[in-house]
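Hello,

Here is the structure I promised to pass on to you. Please open it alongside this note, and I will walk you through what turned up.

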Amino acid sequence: MRKRAQMQMTETIFVVFIILIIIMLGFVFYSKFQEISIKEKEKILRNIEVIKLAHRISSWPELECSIAGAERFACLDMVKLEVLGDFINRTMKTNSYGFNYYYDLLKNSKITITEVYPSSTKTLGTDYWLLYDNPGSTPLTDAVIIPVNLYNPVSKTYALGMMEVQIFK
Amino acid sequence: MSLYNNIASMLRKPRKTRAQEHNRRFYRKPDNETNKKSQLEMIGLTVIVVIVITGLLIVTVYKFNNPPRNIQKRYINKETATNLLIAMTNTNVGECNNLSLGNLLSDCGSSYPSINCFDYTSCEIANQTINTLLNQTLVDWDLSFELNISSPFQDIISHFANLNCDSTSKQQEQAFELLPLEAQNVLEITLILCLDR
């Protein structure tokens, strides 16, 4: 009788042990899947931040294109782009107040604007502008591309452009 | 007498072996009952394993067939589609006196199109420009899309599609723009991005 009880105890311990192993394996797999899903969500949330940043940029008085005081949606002034890009890059070299001001708003990021229609030669200053170039070590987001209008105040015409924003660590 | 003994020995109950006697004394249940119990346990275990595997299969199939609709991803694609439509309609077309694409489309969708640029109608110039714009943006980014432009006077003016995007797509984001025409009619531009293609 005692031998049989011992056998049953061993059997119970064995079953509990196996069940524990199965539960632990399940937990490991579940946490792995969760980790991947959380990382993906984090990346998408950061990409949304990039889109919000791009919208904010297009409504900056330094860049917006307004006709008779009326601001246009998702539109950048080409002349203002040129001037602001030059200013930021110049103050970045001297690390003066101008750069520090924009660093507070843009942190470690890279913002470029490319005209795709009518001209698409990617010539710096003509149809390609490097607005802010302060990349960090690791990219935190994908390069998010937002379609915008580029206003030429000289010819009073609108071109189609793409604003590319990427945030770094 | 010997015949009587033989018959008596045949009728007598057979003597138990030592093992059978041991089992009887130390184990309460006879062999048949123990076998039956272990068979039942085996069946129970198999049923549990089958249920667990079926559950896992159902969860896996459900997960793969219905990927979670991500609101954030939808937002990004909707923003891209909406911004692209707005930016496109505001863009000036150099080949047609710098008129905006929106103006050309409005003329094209009206009951009596009147704009002509170098022997091309407003519809031809607009379609050509849209084709160039889409090639440099959505086609270049390998996005699956469908663009439809329709007017109440001419039904469908333009239709552009890339990578088999159609209404059967399960995951799609839609943006639209309305341009005013004469007599309170509107020209409708619809851009659909198919995310599962």
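Helices are DSSP runs of H or I with at least four residues, strands are runs of E with at least two, and both are numbered from the N terminus.

Before going further, a word on the source: this is a predicted model, in which local features need pLDDT of at least 70 and side-chain atom pairs count only at pLDDT 80 or more, while totals for chains, interfaces and linings use all residues. Residues are numbered from 1 along each chain as its sequence is written, and chains are lettered from A and ligands numbered from 1 in the order in which they are written.

Back to H1(A): its buried residues are A:Asn47, A:Val50, A:Leu53, A:Ala54, A:Ile57 and A:Ser58. Buried means that 20 or more other C-beta atoms lie within 10 Å of the residue's own; 12 or fewer make it exposed, anything in between partly exposed, and C-beta atoms are placed from the backbone.

**The rest of chain A**

Chain A has 3 helices and 6 strands, and from the N terminus on they run α-β-β-α-α-β-β-β-β. Its radius of gyration is 28 Å, well over the 15 Å that the globule rule gives for 169 residues, so chain A is more spread out than a compact globule. That radius is taken over C-alpha atoms, and the rule is 2.2 Å times the number of residues to the power 0.38. Along its principal axes, the C-alpha trace spans about 105 × 35 × 30 Å. Of the 169 residues, 27% count as buried.

Strand S1 (residues 64-67) and strand S2 (residues 70-77) of chain A pair in the antiparallel sense over 3 bridges; pairing requires that DSSP finds at least two bridges between two strands. A:Ser66 has A:Glu71 in S2(A) as its bridge partner. The hairpin that S1(A) and S2(A) form has 2 residues between the strands, and A:Ala68 takes a positive phi near 55 degrees there.

Do look at A:Pro118 too, in the loop between strand S3 (109-117) and strand S4 (128-133) of chain A.

**Chain B and its sheet**

Chain B holds 6 helices and 8 strands, and 25% of its 197 residues are buried. An open sheet of 4 strands in chain B has the order S6-S5-S8-S7, with antiparallel pairing. Strand S6 (155-162) and strand S7 (172-180) of chain B stand at the edges with a single partner strand each, so one side of each is left without a neighbour in the sheet. From one strand to the next, the twist averages 10 degrees.

S7(B) and strand S8 (residues 186-194) of chain B share 9 bridges in the antiparallel sense, with B:Glu177 opposite B:Ile189 in S8(B). Helix H5 (residues 101-109) of chain B packs on the sheet, touching strand S5 (144-151), S6, S7 and S8 of chain B, and its direction makes about 75 degrees with that of S7(B). Helix H6 (residues 122-136) of chain B also packs on the sheet, touching S5 and S6 of chain B, at about 20 degrees to the direction of S6(B). For these angles, axes are lines fitted to C-alpha atoms, for helices over the stretch in contact, and angles run from 0 to 180 degrees between N-to-C directions.

Among the buried residues of H6(B) are B:Ile125, B:Ile130, B:Leu133 and B:Leu134. B:Asp142, in the loop between H6 and S5 of chain B, has a positive phi of about 60 degrees although it is not a glycine. B:Asp142 counts as exposed because it has 9 C-beta neighbours inside 10 Å.

**Where the chains meet**

The contact takes 23 residues from chain B and 20 residues from chain A, where two residues are in contact if their C-beta atoms lie within 7 Å. On the side of chain B that touches chain A, the elements giving two or more residues are helix H4 (71-90) and H6 of chain B. H4(B) gives the most, with 12 residues.

Best wishes
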